[in-house]
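Let's take a walk through this protein together. Have the sequence and the 3D view ready, and follow along.

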Amino acid sequence: MKFYVLMLFLIMTTINYAQSFETGSYFVSGTGIKKLEILKRKNGSLKAEIKTTNGNKTAIFKPIGNHENRFESKENRLVLTKYKGVLALLELDKKGMISNKFALGLTKKELKKGKKALGIKSGFMAEMKSLSNKKETIENSEFFVKNPTSKFHEENVGKIVFFSEKPEVGKEDISKIKTKFKVGDEIWAVAYLPLPLKTKGYLYDLTNSFQDAYGGMNYWACIGMDKHEKDLLPKENEIFNQCTVKDLTEKDLEKNYVVFQILTNDVGNNEMNALGAEFLLKRMSERLDNDTYKIRVALTNGEMKQKEEYFSGYFQFDASAGTEIYGKMSKEITQKILESKPVPTAVKKDANLEAEMLQQIRLWARNKNWSDVDFRKVIITLDWQILKDDYGNIEGKYIEGNVLYKSDEGCGHRNFGFIRKYQGGGQYDSYLKQYTTGPVGALSCDKVK
């Protein structure tokens, strides 16, 4: 009986090998690192002597949060962790992608099992073959998430996962995960990242940004979308290369995931950035025929090539019923956006001055051959200012106004600047002259009278 108990103990010990990092000398897979000497310290950190073919290096690995068996050496971008059930040393790039992985084992038998679990081939030639067979695309890359929100996050890091309704990250309802959708379905997505969005490099590669007049930075999450047809050229597959899906707050930038809506089933349920939704729906109505597609979605800044886009996901989309509904929804959102835009605010009212501005604008339009634009009314938006040249000499008195207009393409307002030129001796021209042109803003035609 004792013999069988002993055998059972030995079997269980073999199955549960190397469950945690302890002080000891570890065998390491790969030709670059020969051995790893680990010393477990009283403060919970690990001191590691990394013995390589080019010499030895000492690194301190500190615990990552409260996670068991997760230690990092930030300056070396190295992680000691239990990965795919075995102890491993991971080398990460700046964005959390695993550039190298090594299995560890206190015995050669443990090392062999670790290599098998991590898919590491034995021998120098096998390693060289593995490197030469690596695709240039980033899609098959592995990522390591230091502080996952859940086990699901850990299992899907580096991926975009799709849901039939808005998910709660950390408490995902697995029954709502879908890989197949059709016209009329609501589509939500979560991009599970290894590092927070604010990480250097991510803000450029994964977002679009704008600095406002007060120096503040504003960020938006953007996606690219493609049909995945092998017989089409990249430009033919493209549905759009960049679309804003979400306005990002400071709290969003602190998170290592992004939740966003891709398609709404009703304009009233739209939670996307309104301009983004308007554009996305219009493009889907224009570029998807009555067919079934494999759709690729990726976080992007719009400038990267497809193989450079880190985080992506795929879903099957049945558009056989037609995508006309998306064109109609896009127009509805366009109208809602226009209705929400205010008419420029007047800083002063002067009927004679406004009439003179309008006359100058119509003269400008006639010279530009803009006979189809109906300029209706000028609103004074900037009061008189003294305009000087680079040497401090007075050029004239300057004022601005926004003119409301109607045209075949829609309605809006445009900014114009005007000047009364300086004659000297404190005197200015009695007449007004159009001097600058400024930005254009769209408006609902109901507001242009």
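A patch is built from residues with over 30% relative accessible area and no salt bridge, with like charges joined within 9 Å and nonpolar side chains (Val, Leu, Ile, Met, Phe, Trp, Tyr) within 5 Å. A salt bridge here is a side-chain nitrogen of Lys or Arg within 4 Å of a carboxyl oxygen of Asp or Glu. Lys and Arg count as positive. With that in hand, look for Arg41, Lys47, Lys62 and Lys74, which gather in a positively charged patch on the surface.

Before going on, note that this is a predicted model: local features need pLDDT of at least 70, side-chain atom pairs need 80 or more, and totals for chains, interfaces and linings use all residues. Residues are numbered from 1 along each chain as its sequence is written, and side-chain values use heavy atoms, leaving out hydrogens and water.

Let's zoom in on Lys62. It sits in strand E4, residues 55–63 (strands are DSSP runs of at least two E residues, helices runs of at least four H or I, numbered from the N terminus). Lys62 is exposed, at 55% relative accessible area (exposed is over 50%, buried under 20%, partly exposed in between, with a 1.4 Å probe and protein chains only).

Now hop to Lys251 in helix H7, residues 250–254. Lys251 is exposed too, at 66%. Leu197 is 54 residues from Lys251 in sequence, yet their C-alpha atoms are 9.9 Å apart.

Finally, zoom out. The protein has 10 helices and 22 strands, and 43% of its 449 residues are buried. Its C-alpha atoms fill a box of roughly 110 × 60 × 40 Å along the principal axes.

Technical notes:
Accessible areas come from the Shrake-Rupley method with a 1.4 Å probe; for residues, only the protein chains shown count as cover. The place of a charge is taken as NZ of Lys, CZ of Arg, CG of Asp or CD of Glu.
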